[in-house]
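Here is a short report on one protein chain. Please look over the sequence and the structure before reading on.

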Amino acid sequence: MGLSIKRAETEQLARQVAGATGLSLTDAIHNALSEKLRALGLKPETPSQRKADIQAWLRELDARPRLSNKTLAEIEAEIYDEQGMLR
């Protein structure tokens with residue numbers, strides 16, 4: 001996954017932090033952003049936590065009562081004509 005830094009001063013700051021800490025450029029940026037989130041009172045989100053949050057949200061949606069027992073095909077037939085155009 002790529003990140004393009006378009007501001008030369010920002011890139012220089014990242015390189016300066018990386019050089020001063022002995023970290024890679026990626027790790028220096030990662031650490032700086034994680035520290036900023038914590039300073040804002042937020043917790044850095046991990047991919048596994050994001051996945052768990054999405055799965056919990058989907059379970060919550062599935063538990064809600066259904067407003068209709070129609071199938072997707074039935075709903076689409078009400079919305080679209082034979083040519084696939086909105087009715």
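## Terms and model

Helices (H or I, at least four residues) and strands (E, at least two) are DSSP runs, numbered from the N terminus. The model is predicted.

## Overall fold

The chain holds four helices and zero strands. Read from the N terminus, its elements run α-α-α-α. The radius of gyration is 24 Å, well over the 12 Å that the globule rule gives for 87 residues, so the chain is more spread out than a compact globule.

The C-alpha trace spans about 65 × 35 × 20 Å along its principal axes.

## Surface and charge

How much of the chain counts as buried? The share is 5% of the 87 residues. The cut-off for buried is under 20% relative accessible area. The chain exposes about 8100 Å². Carbon and sulfur atoms supply 57% of that area.

Charges come as 13 positive and 13 negative. Their mean positions lie 7 Å apart.

## A nonpolar patch

Which residues form a nonpolar patch on the surface? They are Ile-54, Trp-57, Leu-58 and Leu-61. Together these residues have about 350 Å² of accessible area.

Ile-54 sits in helix H3, which covers residues 47-63. Why does Ile-54 count as partly exposed? Its relative accessibility is 36%, and partly exposed is the class between under 20% (buried) and over 50% (exposed).

## Lys-36 in helix H2

Lys-36 belongs to helix H2, residues 25-39. Lys-36 counts as exposed because its relative accessibility is 51%, and the cut-off for exposed is over 50%.

How far apart are Lys-36 and Ser-48 in space, C-alpha to C-alpha? The distance is 21 Å. In sequence, Lys-36 and Ser-48 are 12 residues apart.

## Lys-43 in the loop

Lys-43 lies in the loop between H2 and H3. Is Lys-43 buried or exposed? Lys-43 counts as exposed, because its relative accessibility is 71%.

Lys-43 and Arg-64 are 21 residues apart in sequence. In space they are 29 Å apart, C-alpha to C-alpha.

## Recap

The predicted chain has four helices and is more spread out than a compact globule. Helix H3 carries Ile-54, one of the residues in the nonpolar patch. Lys-36 in helix H2 counts as exposed. Lys-43 in the loop between H2 and H3 counts as exposed too.

Technical notes
Residues numbered from 1 in each chain as written. Predicted model: local features only at pLDDT ≥ 70, side-chain atom pairs only at ≥ 80, totals over all residues. Heavy atoms only, no water. Patch = residues over 30% accessible without salt bridge, like charges linked within 9 Å, V, L, I, M, F, W, Y side chains within 5 Å. Areas by Shrake-Rupley, 256 points an atom, 1.4 Å probe, with all protein chains shown as cover. Salt bridge = Lys/Arg side-chain N within 4 Å of Asp/Glu carboxyl O. Buried < 20%, exposed > 50% of the residue type's maximum accessible area, 1.4 Å probe, protein only. Rg over C-alpha atoms; globule rule 2.2 N^0.38 Å. Lys, Arg positive; Asp, Glu negative; His and termini not counted. Charge placed at Lys NZ, Arg CZ, Asp CG, Glu CD.
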